[in-house]
Amino acid sequence: MRRGLAVFLIAITILVFWLLHNVSHLLALLFEDGSADAIHSAEIPAPNSPLIDNMPQHIPKIIHQTYINESVPEHWREAQRSCIDLHEDYEYKMWTDAKSRELIATEYPWFLNTFDNYSQPIQRADAIRYFVLAHFGGIYIDLDDVCSTFLSINHYSFHNSIGHD
């Protein structure tokens, strides 16, 4: 019986050390002082504060949408028009298949082979969103999304790790 108990205790000890080793990085977070990275309340302007309007614009006022060509189907035109009309001071960019491929070929040639070899056109439409946002900044809105409220992007900051601001 003592030998069985010893084997059990050794197994439990090994299991506990293995678990501690595997979660040690999570446990370290409990003791890390993150105050240097914190955004303090004094740094955040109150809602509707005039300070918000004076903050630097980090996200460009550009709306991006994608479609096969410039002929957007009738059932999506109202949604498209709602976004354009509600955001008159925003630049509007419609990314057709041809324009999308041109951007990839010109700015991201390392991705062109992948882009061209997607088996489904929707895969190219999904991929181009990330490239246009990384390259130009702005906001991507699906064509079937109706804009019913103005998007005030002055409230958000943007940091692009690719190096484009």
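What follows is a set of questions and answers on this model.

Trainee: What kind of model is this, and which pLDDT do local features need?

Mentor: Residues are numbered from 1 along each chain as its sequence is written, and side-chain values use heavy atoms, with hydrogens and water left out. This is a predicted model: totals for chains, interfaces and linings use all residues, side-chain atom pairs count only at pLDDT 80 or more, and local features need pLDDT of at least 70.

Trainee: Which pattern does the chain follow along the sequence?

Mentor: Helices (H or I, at least four residues) and strands (E, at least two) are DSSP runs, numbered from the N terminus. The chain has six helices and three strands. Read along the sequence, the pattern is α-α-β-α-β-α-α-α-β.

Trainee: What is the strand order in the sheet?

Mentor: Strands of a sheet pair through backbone hydrogen bonds, either parallel or antiparallel. Here two strands count as paired if DSSP finds at least two bridges between them. The sheet is open, has three strands and pairs them in parallel, in the order 2-1-3.

Trainee: Which residue is the bridge partner of H64 in strand 3?

Mentor: Strand 1 covers residues 62-66 and runs parallel to strand 3, with two bridges joining them. The partner of H64 in strand 3 is Y140.

Trainee: What angle does the direction of helix 6 make with that of strand 1?

Mentor: Contact means heavy atoms within 4.5 Å. Axes are lines fitted to C-alpha atoms, for helices over the stretch in contact, and angles run from 0 to 180 degrees between N-to-C directions. Helix 6 packs on the sheet and touches strand 1, strand 2 and strand 3. Its direction and that of strand 1 make about 160 degrees.

Trainee: Is Q80 buried or exposed?

Mentor: Q80 lies in helix 3, residues 74-86. Leaving aside neighbours within four places in sequence, Q80 is in contact with Q65, V72, Y92, M94 and L143. Buried means under 20% relative accessible area, exposed over 50%, partly exposed in between (1.4 Å probe, protein chains only). At 14% relative accessibility, Q80 is therefore buried.

Trainee: How many residues apart are C83 and C147?

Mentor: A disulfide is a pair of cysteine sulfur atoms within 2.5 Å. The search of the whole structure finds one, joining C83 to C147 with S to S 2.0 Å. This pair links distant parts of the chain, with C83 in helix 3 and C147 in the segment after strand 3 (139-140), and the separation is 64 residues.

Trainee: What is the handedness of that link, C83 to C147?

Mentor: Both ends are buried: C83 has 0% relative accessibility, and C147 has 12%. The angle about the S-S bond is 85 degrees, and the link is right-handed.

Trainee: What is the angle between the planes of Y90 and F150?

Mentor: Rings of Phe, Tyr and Trp (its six-membered ring) pair if their centres lie within 6.5 Å; planes under 30 degrees apart count as stacked, over 60 as edge-to-face and the rest as tilted. A search of the whole structure finds 10 aromatic pairs. Y90 and F150 form an edge-to-face pair, 5.8 Å centre to centre, with planes at 90 degrees.

Trainee: What is the C-alpha separation of F150 and H87?

Mentor: F150 lies in the segment after strand 3 and is partly exposed at 40%. Not counting residues up to four places away in sequence, F150 touches L86, H87, D89 and Y90. F150 and H87 are 63 residues apart along the chain, yet their C-alpha atoms are separated by 6.7 Å.

Trainee: Over which ring does the charged end of K93 sit?

Mentor: A charge sits over a ring if NZ of Lys or CZ of Arg is within 6 Å of the ring centre and within 35 degrees of the ring normal. The charged end of K93 is 4.3 Å from the ring centre of F136.
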